[in-house]
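The entries follow the order in which I looked things up.

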Amino acid sequence: MRKRLLALLLGGALLFGCTGCVQSVQTLAGAAEETEQPAEVERVNRIGIPYRADSTLNPLTAENEFNFEASLLIYDCLYDVDENFAATPKLATASTADGVNYTLLLREGVRFHDGSELTSDDVVATLNRVKNTESSPYHARMAHVKTVETSGTHAVNITLDRVDYRFPACLNIPIVKDGSVKDGAAGSGRYRPEGETLVTNEDWAFRTGEFSIGTVDLVNIEDYDALVDQAGTGEISAFKLTDEDFSRVSLPGGFASKAIATNELVYLGVNLKNRHLGAAEFRRALSLSVDRGEILEDVLQKNGYVTQSIINPSYQYFSTAAAAQFGAEKADSLLTALGYTYGGDGALLSGGEQVSLRLVAPEGSLGAVAERVTAQLTEAGIAVELSLLPASEYRTALSRKNFDLYLAECKLSPDMDAGVLVGSGAALNYGGYASEEMDAAVQAVREAADEETLRAAVSAEVTLTARDMPVVPLYFNTATLLTRQKYGLQMNPTPYGFFTGLEVS
């Protein structure tokens, strides 16, 4: 019974869970702590990780989180992006750019697992495939790419349709050999597949010494019952769970955990045509009325990173957000200044009538969060009508602006481009927010060619978000790497590769 319940709870995690789409110097509520490693460890040369045998290991078309993470052991990316969203060259050794036109110089001598050499043809074919495949996990990265062309055997030219000096962060895209088949696509990564086993690639271009883990077994999990059982028996030694899953799982003992913030923002969208929400002061009061810490503690089981900013606090150029924390008195002060009053029962009144709002949210993992937000706003005196909708009806409600508030999550790109949410007329800007100041700040981030200018531009975005509250940021999702504690594996997960460092752990 326990295993069946667990399977039902975890069933949604097989697919990527975004509807779009770390710590800073300040302490963030809900930041998960790394589990201490045991004093004595059992060194092993072979571990097991979960995957789905009925799905592809091709990272360009991966359909579930387990295969996606496994695939990153097989393929190398053009750039690496670390936990602070800093991009460093990998297969691309360097680049020259004017912000629109990029020339990538490729590392020479890199060989795919079949022995053939990596060339610009492979990079061009991979990037164009991503650009032309909407279902690819990387498709959104190529939204502003006009052309990708070869420029010699080891050089690639990329032309954008706008200035963006942060674009290389979007190129942490695994490169697949041109012409290789979908389910047998050749890679150049640290491990090469042999059936349901990954073995070390001794010719790996980035090898710096002996491999700590020589063999990685791909352990098929037909369902989540199998994951629990195989983790308990030791067949599975390391795996990733999303924040939603980790908060609900009671795994066998003996696992160490390490949690990091992803770039998946959960937020409340607001319809600025609503007579109350049209005022920035009301939106700020609304934000003050949402107790993110309570949501994190009671609903998310401390899995998540509270934020008052649409910019990830882990971002290397993040500046401390100016937004105020939860506080009923501060909210009351803002609302009183706007002319709102309170009835004897605590109802928030405007012109003698209680303020009422319609909140829409998708059925599923965000439902419990939506219910808690509804309860908190109700306690603040606002009458909230909550509608939990199937995915198709939810998307229709957003496109038709049939909401006052909506709860959503968005996977922001590694270049931290906030324009997708707050830019005038942006694809995910369902609330109708438009600000020349914000558009200028977003553009300034894209056009910043040096660190000082970039830091100032990001600070302006954060400040304007706190002032205008075009959306109400709640938290960034986390994900957790679980490893068999007695093995003492020293992996350093990043938002874009949970098995980072496996080969030299």
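I began with helix 7 (residues 292–299) and helix 9 (residues 367–379), whose axes come within 11 Å and cross at roughly 135°. Axes are lines fitted to C-alpha atoms, for helices over the stretch in contact, with angles from 0 to 180 degrees between N-to-C directions; helices are DSSP runs (H or I, at least four residues) and strands likewise (E, at least two), numbered from the N terminus. Helix 7 is therefore oblique to helix 9, as angles under 35 degrees count as roughly parallel, over 145 as roughly antiparallel, 65 to 115 as roughly perpendicular and the rest as oblique.

I noted the source: this is a predicted model, in which local features need pLDDT of at least 70, side-chain atom pairs count only at pLDDT 80 or more, and totals for chains, interfaces and linings use all residues. Residues are numbered from 1 along each chain as its sequence is written, and side-chain values use heavy atoms, without hydrogens and water.

I then turned to the largest nonpolar core, which has 60 residues. Such a core is a set of buried (under 20% relative accessible area, 1.4 Å probe, protein chains only) Ala, Val, Leu, Ile, Met, Phe, Trp, Tyr and Cys residues joined through side-chain atoms within 4.5 Å. Ile 49, Leu 127 and Val 216 are among the residues that touch the most other members. Helix 3 gives this core its largest share, four residues.

Beyond four places in sequence, I found Val 216 in contact (heavy atoms within 4.5 Å) with residues including Ile 47, Tyr 191 and Leu 502. Another core, of 38 residues, lies apart and includes Val 81 and Tyr 315.

Conventions. Buried means under 20% relative accessible area, exposed over 50%, partly exposed in between (1.4 Å probe, protein chains only).
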